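Thank you all for coming. I would like to take a few minutes to walk through one structure, so please have a look at the sequence and the model before I go on.

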Amino acid sequence: MTTHTDLNQTLFERAKHVIPGGVNSPVRAFRAVGGTPRFISRAQGAYIWDANGQKYIDYIGSWGPMILGHGHPAVVEAVQKAVLEGFSYGAPTEREVELAEEILKIMPSMDMVRLVSSGTEAGMSAIRLARGATGRKTILKFEGCYHGHADALLVKAGSGLATFGNPTSAGVPPEVVQHTMVLEYNNVEQIEAAFAEHGQEIACIIIEPIAGNMNFVRASVPFMKRCRELCTANGALLILDEVMTGFRVALGGAQSVYAKAIPGFEPDITVMGKVIGGGMPLAAFGAKRAVMEHLAPLGGVYQAGTLSGNPIATACGLATLKEISKPGFYDELGRKTQSLISGLKSAAAAEGVAFSGDSQGGMMGFFLLDTLPSTYKEVMTTDGAKFNQLFHGLLDRGVYIAPALYEAGFVSAAHTDEDIAASVAAAHDIFKSL
Ligand code: PMP
């Protein structure tokens with residue numbers, strides 16, 4: 001690196017004049033870790049380059065979508081072809097039908113899907129659908145799970161057990177979240193208490209099956225099983241938010257992972273995003289026919305979108321799904337991700353650094369904690385200053401991980417064993433002084 005002008009800094013100053021905080025999504029601002037966000041000028045394979053021309057091994061992958069790495073040739077070709085046919089029609093296309101069919105083939109818990117443009121839209125619409133289909137108001141979510149920034153979902157736990165929550169954002173009136181209950185993740189007693197008291201009012205549980213918004217925390221099998229049983233027994237719908245895990249932890253998503261441990265396990269509604277768009281704005285939600293027929297124009301639950309099913313986004317998504325459906329794709333991806341986590345664990349152990357980590361498919365998380373946490377509270381016991389030291393140490397050594405300790409990481413098919421080894425070596429170097 002040369003010592004002259006830092007173009008990231010120059011761009012950040014310019015950005016701050018015209019975009020709040022200089023970013024279009026808060027976590028990008030490096031607020032938690034300090035320092036200057038990298039302004040990315042290009043990406044290829046497992047790498048991204050910033051405005052200074054500095055190269056990084058990318059473990060964010062656009063926060064999940066880039067499972068093939070950046071600029072996969074088959075995806076680029078499909079997008080280039082689609083671009084020449086027009087950007088958007090606001091009318092049905094064969095390609096969106098094809099994408100819907102592909103998704104349904106991969107995730108048999110659904111009979112129908114509706115395509116939208118972001119995970120937020122998909123989550124918000126899934127909640128409305130669950131309320132419309134059940135005729136109930138109450139929704140139940142878990143502390144540490146993120147389902148997009150719809151008003152009713154921006155809620156933190158209130159005080160005491162099984163209480164209705166408080167807004168986590170200014171601009172959300174308490175009345176808007178008065179039907180949202182926030183419980184502790186992995187706490188079976190709390191969901192049982194909530195259903196015992198409010199069972200007939202609960203429209204749905206919404207849950208990240210492997211929570212990627214508190215780093216990487218699995219719903220325990222008994223917890224997930226109890227969520228399913230309580231929903232079924234009380235006429236509530238179980239919504240799995242697979243925006244992050246879908247097509248990422250396994251081809252069939254986290255639901256296919258839990259179905260191995262819980263025979264017959266299926267959600268009622270699945271929320272998807274990220275990988276299904278391959279980096280383009282595309283997300284979806286789906287369910288069995290009887291639930292989906294509540295949606296407009298068939299039913300009374302309204303939902304719409306100017307760019308929904310966009311022809312370029314669907315081309316990108318279809319090409320991505322085609323690649324990830326190839327035999328052995330997840331075995332290889334899972335092996336590489338595991339090797340990164342086990343390499344980091346060994347390096348930390350060698351330097352006496354408290355460390356734990358976990359992964360599934362191409363999604364991973366690690367903690368500067370002795371044992372894996374199972375709740376948001378436990379995740380937040382991580383030493384923030386040490387995480388920041390690790391983050392900046394890695395960044396300085398050309399390894400780009402999420403700039404916050406509560407975010408999951410992602411390995412792509414483009415990462416090589418050499419990339420993994422270089423990343424582990426960089427971390428080892430930092431562990432020496434942690
Ligand atoms: N659900 C989950 C599990 C997510 O991780 C995210 C985004 N990180 C969302 C919903 C919201 O998706 P989007 O950012 O596309 O609105």
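Predicted model: local features only at pLDDT ≥ 70, side-chain atom pairs only at ≥ 80, totals over all residues.

Let me begin with the overall division of the chain. The domain assignment gives domain 1, which is made of residues 7-71 together with 327-431, and domain 2, which covers 74-324. Taken over C-alpha atoms, the centres of domain 1 and domain 2 are separated by 25 Å.

Four strands form an open sheet with mixed pairing, in the order β1-β2-β3-β17. β1 and β17 (399-400) stand at the edges, where each has a single partner strand, so one side of each is left without a neighbour in the sheet. β1 and β2 (residues 47-50) run antiparallel and are joined by four bridges; to give one example, I40 has D50 in β2 as its bridge partner.

I would like to finish with some details of the backbone. As background, most residues other than glycine have a negative phi, and most peptide bonds are trans. Against that background, F30, which is not a glycine, has a positive phi of about 65°, and F30 is found in the loop between α1 (7-18) and β1 (40-44). Is F30 buried or exposed? F30 counts as buried, because it has 20 C-beta neighbours inside 10 Å. W63 also has a positive phi, near 70°, and is likewise a residue other than glycine; its place is in the loop between β3 (55-58) and α2 (73-84). W63 is buried too, with 20 other C-beta atoms within 10 Å.

Lastly, which form does the peptide bond from A296 to P297 take? That bond is cis, with omega near 10°, and P297 is found in the loop between α8 (289-292) and α9 (311-324).

Key. Residues numbered from 1 in each chain as written. Domains from an automatic or database assignment. Helix = DSSP H or I, 4+ residues; strand = E, 2+ residues; numbered from the N terminus. Buried ≥ 20, exposed ≤ 12 C-beta atoms within 10 Å, placed from the backbone. Pairing = 2+ DSSP bridges.
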